[in-house]
Amino acid sequence: LLAGARPAAVVSLPSQQETIVLAMDVSGSMRATDVQPDRITAAKDAAKTFVADLPRGVRIAVVSFAGTAAVVQPPTHNRPDVVAAIDRFQLQRGTAIGSGIVLSLATLFPDAGIDLSQITGQRAMPPGPEEKPKPEFAPVQPGSYPSAAVILLTDGQRTTGPDPLEAAKMAADRGIRVYTVGIGTKDGETIGFEGWSMRVRLDEESLKAIANMTRGEYFYAGTAVDLKKVYETLNAKLVMETR
């Protein structure tokens with residue numbers, strides 16, 4: 001009778017996640033001051049606090065994206081290296097959100113043969129004579145990969161690079177959850193720099209769609225305090241999970 005009743009309990013247990021990729025927008029609009037002292041400084045400060053609070057056993061990688069994307073820190077347990085990578089951010093033009101997601105996946109799965117030609121601008125090289133052919137890719141259930149996650153922070157709309165929703169589908173097919181963070185004003189703001197001006201607006205619908213498709217979650221941060229609270233929430237979600 002006891003076995004037939006299938007007794008169960010909901011408990012919080014340490015998460016299995018071993019690697020987290022911070023994919024952060026470094027487009028020129030991140031110099032806007034609607035988030036004090038400015039968006040990029042608030043984002044860097046919150047990210048460094050998040051990194052400091054993670055368990056020591058979790059590896060962290062850092063990907064930056066603007067018109068293109070780059071791995072500024074491969075996965076590591078070394079927290080000072082991660083902080084130094086965040087401090088090295090240089091603002092650039094363009095917002096390639098999809099590139100940030102795809103490069104994050106390639107960082108998590110370096111041997112999966114993910115095509116980066118759209119991101120780097122270089123043609124994909126055919127396999128050499130001694131290279132073994134890559135195994136055929138088989139999609140898995142979205143959100144089912146327990147050992148890694150991506151945190152994507154951006155303040156604008158995609159202006160270049162691959163479609164973010166197609167990139168999100170790649171993450172979903174690999175079971176990777178993408179937690180999206182929107183920073184800045186929802187209505188948008190006009191900013192100027194070195195003789196040019198542009199209107200920047202947060203594309204919340206796309207960020208929500210990316211999170212939903214990958215079984216992640218979307219967070220909005222309108223102030224520096226909000227952003228730190230978002231990272232505190234993410235820390236709790238990634239360190240402990242309910243089973």
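Biologist: At what angle do helix H3 and helix H5 pack?
Modeller: In this predicted model, where local features need pLDDT of at least 70, side-chain atom pairs need 80 or more and totals for chains, interfaces and linings use all residues, helix H3 (residues 97-108) and helix H5 (residues 164-173) pack at about 20°, with their axes 8 Å apart. Helices are DSSP runs of H or I with at least four residues, numbered from the N terminus, and axes are lines fitted to C-alpha atoms over the stretch in contact, with angles from 0 to 180 degrees between N-to-C directions. H3 and H5 are therefore roughly parallel to each other, a label for angles under 35 degrees.

Biologist: And which residues in H3 meet H5?
Modeller: Ile 97, Gly 98, Ile 101, Val 102 and Leu 105 in H3 meet residues of H5 that include Pro 164 and Met 170, where contact means heavy atoms within 4.5 Å. Residues are numbered from 1 along each chain as its sequence is written, and side-chain values use heavy atoms, without hydrogens or water.

Biologist: Switching topic, which residues line the largest cavity?
Modeller: Ala 46, Thr 49, Phe 50, Asp 53, Lys 228, Tyr 231, Glu 232 and Asn 235 line it; a cavity is a set of points on a 1 Å grid where a 1.4 Å probe fits but cannot get out, and lining residues have an atom within 4 Å of a point.

Biologist: Which helices supply at least two residues of that lining?
Modeller: Helix H1 (39-53) and helix H7 (224-239) each do, and the lining has 3 nonpolar, 2 polar and 3 charged residues.

Key
1 Å grid on protein atoms, 1.4 Å probe; cavity = no way out; pocket = protein on both sides within 12 Å on 5 of 7 lines; lining within 4 Å. Nonpolar A, V, L, I, M, F, W, Y, C, P; charged D, E, K, R; others polar. Parallel < 35°, antiparallel > 145°, perpendicular 65-115°, else oblique.
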